[in-house]
Structures are given as structure tokens and as C-alpha cells.
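Work through the exercises below with the model open. Try each task before reading its solution.

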Amino acid sequence: MSTLNIYNPATDELIIALPGDDAQSVAAKARSARAAQPAWAARPLEERRACVEMFRAGVVRDLEQLAVTMTRETGKPIRMSRNELNGLLPRIDFFLAETEQAVAPETVFDDGGMREQIGHEPLGVVANISAWNYPWFVGCNVILPALLTGNAVLYKPSEYATLTGLEISRLLHEAGVPRDIMVCLVGAAEVGAALLEQQVDGVFFTGSHATGARIAQAVGRRFVKLQLELGGKDPTYVCDDADPAAAAESLADGAMYNTGQSCCSVERIYVHEKIHDDFVDSFVKAVTGFRMGDPMREDTYIGAITRAPQLDVLEQQVDDAIAKGATLLVGGERRIGAGNWFDATVLINVDHTMEIMREESFGPVIGIQRVKSDDEAVRLMNDTRYGLTAGVYTRDEQRARRVLSQVRAGSVYWNCCDRVSPRLPWSGVGDSGVGLTLSKYGIQAFTRPKAWHLRTPA
Ligand code: NAD
């Protein structure tokens, strides 16, 4: 048995030392899940749905305690922890409402004698290796449809959100999901790596590009289904006909919400030269109004940076930009003392020679670049190896559609940003990943299609 220490990133205090998994315990749990899965899949969907309904009731009942746990281990401001939990409820409702239809057998041919049907069978045992930044969202996007469609789940939450992972697991067990069907593994990278050694039928990963590439290598030769939801460098373009103040207010929130630690945070902004200065004034005003501090305070907007090493990344990106000619308007520094803190930071006069416009920041820093035309904006938006989300602010829907249809991204936004809907597929292109969650396709993702050829005897 190993030990996993959980620290509060806002104070550096040790919250708890948890007994962790090791290679042997992971292997034993994977074997039990394999043995138990067929009986789970054989239960009527109604029974699995009843478990998820009870899970939902548990989330509602325990919401405040769950929010406090998440805030303590991740540094997420308490209001945003509550928002995440409240935002989870419509996702659960979506999965409850849509699973039956999404996996119903589909008759695609019938001439009276011969019928052809597409069936959807569970993959079997799926591994879910997850991130810490929205642990309820990214965990449940996989766990709930996987369980509803009859899979067993070996879930390795991030070492920075393990208490939350254990709560997800506890509530599912209390709701009637067998312990060998919903398995939470405790540990860091080595436990994730041990999980990949097991005989699983699908690997669903949410995390960084670097780890995603390692995981793809580890499972590549085994021909199991692999989904990777990775990082982004999400751009937004503000056109000359947009209201600069309204766009700035919306985008300041899109860039800084969750302390900029969202996979779909706005990471770079291009503003038409005609409204650039007005936009920047409003943007800076909005950002300086964001209160940084104790994540447990109701009025805190900027919380702690969850992983201490990210402070170096942020500092490096800001220093690199300034050295190459950028102008720092606010912030730019890490705070010395207990906890991981970085000021909300705004840079202008940036360009694509700078890391801040090319590499994921994953923190409260943003570069704003002046552009002369839609064509220039499109070229810069596509000048990236990532492709998660992209947005445009304009009064003109046709203009927005024209721009967004040229941008390589899994999700596109007109006059909004940093938004995820359970009804729409969530996916990335390029280095932002492969596969998808959410929508009916994100339910079918946990099944394999089976072709049924059925001849009725004459
Ligand atoms: P990370 O890659 O550091 O860790 C993710 C998970 O992988 C953790 O559980 C970790 O323990 C595990 N892991 C690390 N090394 C491993 C290995 N060699 N083998 C197996 N498992 C291993 O990422 P993170 O810091 O937790 O998350 C932040 C990243 O996630 C950001 O890049 C963010 O953009 C991305 N993200 C993407 C989405 C999306 O939907 N596309 C959602 C949330 C976060």
C-alpha cells in the first residue's frame, strides 16, 4: 500500500494522507470488475437508471459538503464549486433521459424476410483517468453514461481531486452501484500507469496533451477504444461591429473563471483595431474587479492555482512575452507565501512569437492582440496545434458563421464563450484530442455497434 498526501493549494496544509493503490490492488480490482460486469450489463436499463437517479439525489442532498471538499483540495472558489455541482444536475438529467433512445437497436433494413439491425453493446470494463479542474464534470461525463450503458468503470481521479473522486464513488455505491462495478483508484501517475496495464476495453482520458500522448503510446498496441480529451489554446475574435464593453465583460469572465483553469477558458483574444482600445479599457476594468483570495470566501473570484508547477509556466509565459515586447497592463506576478497564487494578468501588444499566444496557459493570464481584418483573425486563430473551442463576437450572425466555419475547433461560440452543453458533443481536433463525450454520441461512445442479420424462417 502506498500513501497519497492531499494538500490544500490555497494554504499548503496537509488535508489528509490517504492509503493509495498499487500495482497489485489495481490488478485485483480490475479482475473483480471484469467478473462482475456481465451481470451489471444484464440488469434492465431501468435498474441502472434508478441508481443514477439516487446518485443525483445524493449530490443534491450533500451539495454544500461536496462543494467544500472540492474547494479545499483544488482551491476553486466556493461559489464556482457550487456552480459546478448545480451544473452537473442537468447533465445527469440528460443522460437519464437520453440513454434508452441512444442505445436502442435500430432497424435499418426490413424486406419482410431479411432484417438488418444495429445493436449497441457495452464495451465491457472501461478505464477513466481524469483531471482535477472540473472533477465532477469530467468524471461524470464518462462514469455516468458508461454505467448506464452497462460497463464497469475503473476510475482514477486526479491526485489533485481525489477526495472528490472518492465522493463520486461513495454516492454511486450508496445509490446501489456494486463496488466492483464502480471502482475508484487512489494515486498519482503510477496508479494511472498500472491501470493501463490491465485488460480493459476502453480508455477514456481527460488531462494534458503530454500525458495523453504517453497514454496513447501505452495502449496503442492493444487495440482498445481510446478517447483523449486534452488541452487547448482557445481563441476568440472580437469584430469591429461588436459592443466592446459587453464583449470585454463576457470575455474577462471566460478567461478568468475558475482561475483560468478550464480546458475551454478563453486563452487568447484578437480584437479588431477599430475597437481595440475601448475593448482593452473595459477588459482591464473587469479584471481588476475580480477579487483574489481565500477560496472559501463568497466574494472570491480568483482562487488558488491547483498545481504548484503551473506557477512556473505562467511566470515563464509572462516573462517571455514582456521580453519580446508585450505590454503588461495588470498582474504578472506570483504571490510569495503559503499557497499557489498568481495575479490575474493582462498583456497587450502580443504576437505569435510569444509562448502566451501559442502554449496552453491554464491560469489567469491572457494576451490580447490587435488585428486588421477577419482574414487575419482567422489565420491567427488557426495558427495553433490545438483545436478545442473558438469564438466570435459580432452583431452579424452571417459574419460569425463565415469566420467560425473556417476555424478548426470542436466547439464554436457566437457571442458567448467557456460554455459546455450536455446536448452537444464535446470534442477536440488536433492536439486537443480524439473522441468525444456528451450528446447522444457521448452515450454511444461507451458501446460498440453490433451488426444483426436476421432472416425470419419462411
Ligand atoms: P495531467 O495530464 O497532469 O493528469 C491527468 C491524469 O493523468 C491524472 O489523473 C494523472 O494522475 C494521470 N497520469 C499522469 N501521468 C500518467 C501516466 N503516465 N499514465 C497514466 N496516467 C497518468 O492533467 P491535469 O493537470 O490533471 O489536467 C489539466 C489538463 O487537462 C489541461 O491541459 C486541460 O486543458 C485538460 N483538460 C481537458 C478537458 C477536455 O475536456 N478537453 C477537460 C479538463 C481538463
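**Exercise 1.** Find the element that gives the most to the shell around the ligand.

Solution. Helix H6 gives the most, with four residues. This is a predicted model. H6 spans 189-196. Strand E8 (202-206) also supplies at least two residues of the shell.

**Exercise 2.** Describe the shell around the ligand by residue count and class.

Solution. Start with the count: 29 residues surround the ligand. The closest are Lys156, Glu159, Ser208, Thr211 and Glu360. Now sort by class: 15 residues are nonpolar, nine are polar and five are charged.

**Exercise 3.** Which atoms of Glu159, Thr211 and Gly207 lie by oxygen atoms of the ligand?

Solution. Take the side chains, then the backbone.

- Glu159 places a polar side-chain atom 2.6 Å from a ligand oxygen.
- Thr211 has a side-chain N or O atom 2.7 Å from an oxygen atom of the ligand.
- Gly207 uses a backbone N or O atom, 3.2 Å from an oxygen of the ligand.

Next, check the cover. The ligand alone exposes 860 Å², and the protein buries 92% of that. Finally, locate the site: the space that the ligand takes is the largest pocket.

**Exercise 4.** Is Asp201 buried or exposed?

Solution. First place the residue: Asp201 sits in the loop between H6 and E8. Then read its relative accessible area, 17%. The cut-off for buried is under 20%. Asp201 is therefore buried. Last, look for a partner: the side chains of Asp201 and Arg34 are joined by a polar contact of 3.0 Å.

Note on methods
Residues are numbered from 1 along each chain as its sequence is written. This is a predicted model: local features need pLDDT of at least 70, side-chain atom pairs count only at pLDDT 80 or more; totals for chains, interfaces and linings use all residues. Side-chain values use heavy atoms; hydrogens and water are left out. A residue is near a molecule or strand if one of its heavy atoms lies within 4 Å of it. A polar contact is a pair of N or O atoms within 3.5 Å; within protein, one must be able to donate a hydrogen and the other to accept it, and residues adjacent in sequence count only if both atoms are side-chain atoms. Accessible areas come from the Shrake-Rupley method with a 1.4 Å probe; for residues, only the protein chains shown count as cover. On a 1 Å grid over the protein atoms alone, a cavity is a set of points where a 1.4 Å probe fits but cannot get out, and a pocket is an open set with protein on both sides within 12 Å along at least five of seven lines; lining residues have an atom within 4 Å of a point. A molecule sits in a cavity or pocket if more than half of its atoms lie within 2 Å of its grid points. Ala, Val, Leu, Ile, Met, Phe, Trp, Tyr, Cys and Pro count as nonpolar, Asp, Glu, Lys and Arg as charged, and the others, Gly among them, as polar. Buried means under 20% relative accessible area, exposed over 50%, partly exposed in between (1.4 Å probe, protein chains only).
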